[in-house]
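Visitor: I'd like to go through this entry with you. Please show it first, and I'll ask as we go.

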Amino acid sequence: MAEVTIKIEGMSCQHCVMHVKKAVDGVEGVNSAEISIGLAKVEFDEAKTDREAVDDAINNAGYKVIA
Ligand SMILES: [Cu+2]
C-alpha cells in the first residue's frame, strides 16, 4: 500500500468533499480516502493503480490537483 497526500484547488464546501471522495473511491485500487477541503489523503494498492490515476480522477471531477 502507498499513501499520498494531494493538495487540491477549487474545493469550497462539504459538497466538494463528497464529490472528490466519490471520484477517488471510484478509482480501482484505492483502499481508502480521507478528504477535507483542499486536501486528500489516499491509500492505494500500487499493484493496481498509481498517484497519477488518482490525480486524473480529481481533475476529471472538476477540481485541480496542485501538489
Ligand atoms: Cu463545494
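This is a predicted model: local features need pLDDT of at least 70, side-chain atom pairs count only at pLDDT 80 or more; totals for chains, interfaces and linings use all residues.

**Metal site and fold**

Visitor: How does Cys13 count, by relative accessibility?
Guide: Cys13 counts as partly exposed, because its relative accessibility is 33%. The cut-offs are under 20% relative accessible area for buried, over 50% for exposed and partly exposed in between, with a 1.4 Å probe and protein chains only.

Visitor: Which residues coordinate the copper ion?
Guide: Cys13 and Cys16, each through SG, at 2.0 to 2.1 Å. Donors here are N, O and S atoms within 2.8 Å of the metal (3.2 Å for Na, K and Ca), and water is not among the atoms, so sites may look incomplete.

Visitor: And Cys16, buried or exposed?
Guide: Cys16 is buried, because its relative accessible area is 7%.

Visitor: Changing topic. What pattern does the protein chain follow?
Guide: Along the sequence it reads β-α-β-β-α-β, with two helices and four strands in the protein chain. Helices (H or I, at least four residues) and strands (E, at least two) are DSSP runs, numbered from the N terminus.

Visitor: How much of the protein chain counts as buried?
Guide: 40% of its 67 residues. The C-alpha trace spans about 30 × 20 × 15 Å along its principal axes.

Visitor: Which residues of helix 2 are buried?
Guide: In helix 2, residues 51-60, they are Val54, Asp55, Ala57 and Ile58. Those buried residues fall within an arc of 160 degrees seen down the axis of helix 2, so they line one face of the helix. The arc is that of the directions from the helix axis to the C-beta atoms.

Visitor: What is exposed on the other side of helix 2?
Guide: Glu52 and Asn60 are exposed there.

Visitor: And what covers the buried residues of helix 2?
Guide: The cover includes strand 1 (2-9), helix 1 (14-25), strand 2 (30-36), strand 3 (39-44) and strand 4 (64-65).

Visitor: Another glycine, then. Where is Gly38 found?
Guide: In the loop between strand 2 and strand 3. Gly38 is buried, because its relative accessible area is 18%. Contact means heavy atoms within 4.5 Å, and, leaving aside neighbours within four places in sequence, Gly38 is in contact with Ile6, Lys7, Ile8 and Met11.

Visitor: How many Å apart in space are Gly38 and Cys13?
Guide: 9.6 Å, C-alpha to C-alpha, with the two residues 25 apart in sequence.

Visitor: Last one: which residues does Thr49 touch?
Guide: Val27, Glu28, Gly29, Val30 and Phe44, not counting residues up to four places away in sequence. Thr49 lies in the loop between strand 3 and helix 2 and counts as buried at 10% relative accessibility.

Note on methods
Residues are numbered from 1 along each chain as its sequence is written. Side-chain values use heavy atoms; hydrogens and water are left out.
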